[in-house]
Structure formats: C-alpha cells, structure tokens
Amino acid sequence: GIPDNLDCHPEEYKLICTIIGHNKNCTFLPSLRKIGWALRDGNGLLPPYFAPQALHSLYLTHSSANPTSAQGDLVQQYTPFIRTLSIGSHLLMPLARPNSLSVVEIALSLKYLESLRIWAAYEAMSLTPSDLQRLGESPTIRDLDVHITSFRESRDAVKLPKIRRLRLVGLAVDISSLLRHIKTPALLDLELSCNAINAKQFVDLVRSLGGAPLAQNLRSLSLSASRYWNSEGTYDSDVTYEPDSVWYLSTLLRPCINMVKLQSFELSTIPWENVITDGDDIREIAEWLPNSLQRLSLSHLHYPPWPPLTLLRHFARHCPNLIELEFLALRLDPVPCCDSPWYADHSKSSEPDDIVPSDSIKGDHPLQIFRTGDMWRRSLPEGMEQEDVKAIGEYLHSLFPRLDLVRMRDLVKRNRPPTCRCFDSGYYLVLNQIEKAREKRRREGVRVS
C-alpha cells in the first residue's frame, strides 16, 4: 500500500529528486500525510512538488548553525494546509541563538496550524515573552510545546486564549514567573519540565502553579525536573548549591490540592535525594487527591527504601474513581493474613496502622491497571513462601477486584529485557494468585465483573 509517513535521510535525497523529475514534477506519494525530514550536511530541501495537498504533519530537525532560514524556505514550499508542525535541533551545545521570531512567523503564516512544537536539546530555540505572546495571537493553534527563556524578570501578562494543551520546558525560575502571569482560559492539559538548582526551586514552581488561575480547570498535569545545566549546555556538577531542606513528597505536591477537576496526574524524574516519602506521606497524598482523578503516576522515587505494597490501601479508600496507578517501585511486603515464618520475621518492619482493608474500602473499586517500573525483574524476597504470595494476591484482590490481569501481564512482558524470563517475576506470581482468588470468589458465588 501507499505509505502515509516518510522519514527521509540524506542518502535518499537524490533518489527522491530523480523520481520526481521522471514523474513530470508530480509527487509519487499522493496520499502522504506526514513527513519527517532532517536537514544535514549533504541533504538539501525537498522539492516543492514532493508534498501533496493531503499533507497535514511536518517534522523538521536540523544540525546547521543557521537553521531557521532553511526551515522557513522549506515550510513555505509546502501546502498551506499543514496542521501539525515540529521544528527543532538535536545539537547538544547551544548555538548562537537563531532568530526564533522567524520560527514564530512561519507558524503564524500557516492558516490551518493546530499543533506546534519548537524544541532543541539545549535552549538554542527557546522563546522569549514576546515570542510566546505572538503565538498566543494565532486563531487556530490549540496545542503548543516550546522551550522558554528570559521570563524571570518579565511582569507582562502572556495571553494564550485558544491553547488547550501546553508543554513548557525551561529553567524553574522562568516557568515559575510565567505561571504567575499567564492567562489560559481554555487550557486543559499542562506539562512542565524544568531545570532547577535544588528541590526548593521546584517547590516554588509547584506553589506558583497551585496559585495560578489555570489550576482550577486542568484535566491533566505532568511534572518533571532535572538538575541545572550550565551556560555551556553541560551538566553542572560543580555548582555550589544552596543549603536545602528535606522535603516530603506530600509537602511538595500540596499546592495541587486546588485542582478539583484533575483526571490525570504524573510526577516523574525528581533527581534530589532530599525529596523523600514514606507510608504516612503516601496516605496524606491519597487523602487530598481530588475524587475526579482517574490516572496517577508517581514514578519519581529513585532512591530506596521503596514504599511497601500495602500502601495501596490508601488509594482504595480515598481515590474512588482511580483507573490506573503507577509507581517506580514497591516492596513486596507481607500482609497480615498469613502465619508463615517469613511473615513473622518481617511483619514488624511493615506499617502498623490498619493494613487490613476495612469497611471504608469498597469492594468494587474501579482500578484496572497497577504497575511499577520494576515489575519484570522484582523477584520474591528471600524466604517468602507460596502461602505468602497467595496472601498478597488475595489482599490486592480484596482492594481492587476489577484489575485487568491480561493487560497487567502484558506490561510485565513488554517492560522486561529480551533475555529475561518474566514468569519468575514476583509480580507475575502475585498476578497469578489474584486470578486464583478471583476464581475462588466466583466459585463461592461472589459476583466479580
């Protein structure tokens, strides 16, 4: 069949030009809808007759010192009906800053453009306040993904009245400042990825977000952070960091409590060892998460000890509409319904408070997917017996009777390296026990959907 996507490389350029020339300057891919094109040495512009009117997505990357002039010429050659445009660079070192305003003008010249991404490995194509405000004047752009710079001193309001999805990448201080002055009445989906010197800068960013008017209407929020990069575009491991306090995760996320319409929340890549969590901390988070939440991902925990599996009871009790839940890692701890020697030896290390599901936990919780990043390789703790695994399976089934075991097994298989057996995974064995508990309930006449 005719491909609807083409990812071009330099060695293919001459062949494309030759075929179009023999085809009387007509495209040989009339149904092409997406083009991915890399501007590299020895690689020219695609012939103007290459793109059919059906084209709606254009993805450009460059490695030249003055990329925007070439990119502008290339975009102008194509059909004006493009709806998705991505312009960026994989260069690791910063360029002499190209005229990002020309990229903005390219986007504004496309009358049907709905989705725009302007990106770079560093900040070579970051947008200033005036650049971002100009994009906000577009009557058609709804999805915007950009790097920003020079916002920390700006006090001017940035109006993005049509934007429904926004992704911002930049220094934490720049993003914090923008959040205090941005006006986005239609925004539903927000993703923030920042570079910060320490955890306090990230905490300040979350506080700015919690106090922003846009927080009230958000349906989806994703937060991530990385350590500060210096002006040469390399990881700055020698910077003298200010003294920083220990931050519990619940304190860090507390400003998000005002997001009463939130349906999806993701926290990933928090690189500081002084951002910690424990069972009580997780319980606090579960208590104040909005009831509207359907998807939660807390994959930020990079430093052991990992929280215990039994903390899931907090989400069963306080998050009645949760469908998908993800952690980076959880311990396969004992549950208090097994009299094995292993449980007797290890139960004192588990959380003491109400581990057994109580009447306040409904037996029909809608959770379908629970996953951790280490599901494929987390083996059973030494000394754990079959009865212990059975108890864990029955415990999870009592909390979440609607788990989609087929999809969860598939997640274990897909996340493992090709050389590893997933069937020996502790989680895979627990899933088998959940299925047995479900079958037992069926035989006993308990209805399970």
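These notes cover strand pairing, salt bridges and surface patches in the structure above.

1. **Basis.** This is a predicted model, in which local features need pLDDT of at least 70, side-chain atom pairs count only at pLDDT 80 or more, and totals for chains, interfaces and linings use all residues. Residues are numbered from 1 along each chain as its sequence is written, and side-chain values use heavy atoms, with hydrogens and water left out.

2. **Strand β8.** Start with β8, residues 165–171. Six of its seven residues are buried, so the strand is largely enclosed by the rest of the structure. Buried means under 20% relative accessible area, exposed means over 50%, and partly exposed lies in between (1.4 Å probe, protein chains only). Strands here are DSSP runs of E with at least two residues; helices are runs of H or I with at least four; both are numbered from the N terminus.

3. **Neighbours of β8.** Strand β6 (residues 143–147) pairs with β8 in the parallel sense, over five bridges. Pairing requires at least two DSSP bridges between the strands. Asp-143 has Arg-165 of β8 as its bridge partner. Strand β10 (residues 189–196) also runs parallel to β8, joined by seven bridges. There, Val-169 is partnered by Ser-193 of β10.

4. The structure holds 16 salt bridges. The criterion is a side-chain nitrogen of Lys or Arg within 4 Å of a carboxyl oxygen of Asp or Glu. Side chains of opposite charge can pair when their charged atoms come close.

5. **Arg-152 and Asp-174.** The closest N and O atoms of this salt bridge are 3.7 Å apart. Arg-152 sits in the loop between β6 and β7 (158–159), and Asp-174 in helix α5 (residues 172–181); the two are 22 residues apart. Arg-152 is partly exposed, with a relative accessible area of 41%. Asp-174 is buried, at 1%.

6. Arg-283 and Glu-287 form a salt bridge, with the closest N and O atoms 3.2 Å apart. Both lie in α8 (residues 279–288), four residues apart, about one turn of the helix. Arg-283 is partly exposed at 24%. Glu-287 is partly exposed at 42%.

7. **Positive patch.** Lys-390, Lys-436, Lys-440, Arg-441 and Arg-443 gather in a patch of positive charge on the surface. Patch members have over 30% relative accessible area and no salt bridge; like charges are joined within 9 Å, nonpolar side chains (Val, Leu, Ile, Met, Phe, Trp, Tyr) within 5 Å. Lys and Arg count as positive, Asp and Glu as negative, and His and the chain ends are not counted. A charge is placed at NZ of Lys, CZ of Arg, CG of Asp or CD of Glu. Helix α13 (residues 426–443) supplies the largest share, four residues. Arg-443 is found in α13 and is exposed, at 66% relative accessibility.

8. **Nonpolar patch.** Leu-15, Ile-19 and Phe-28 form a nonpolar surface patch, with about 250 Å² of accessible area together. Areas come from the Shrake-Rupley method with a 1.4 Å probe; for residues, only the protein chains shown count as cover. Leu-15 lies in helix α1 (residues 10–22). Leu-15 is exposed, with a relative accessible area of 54%.
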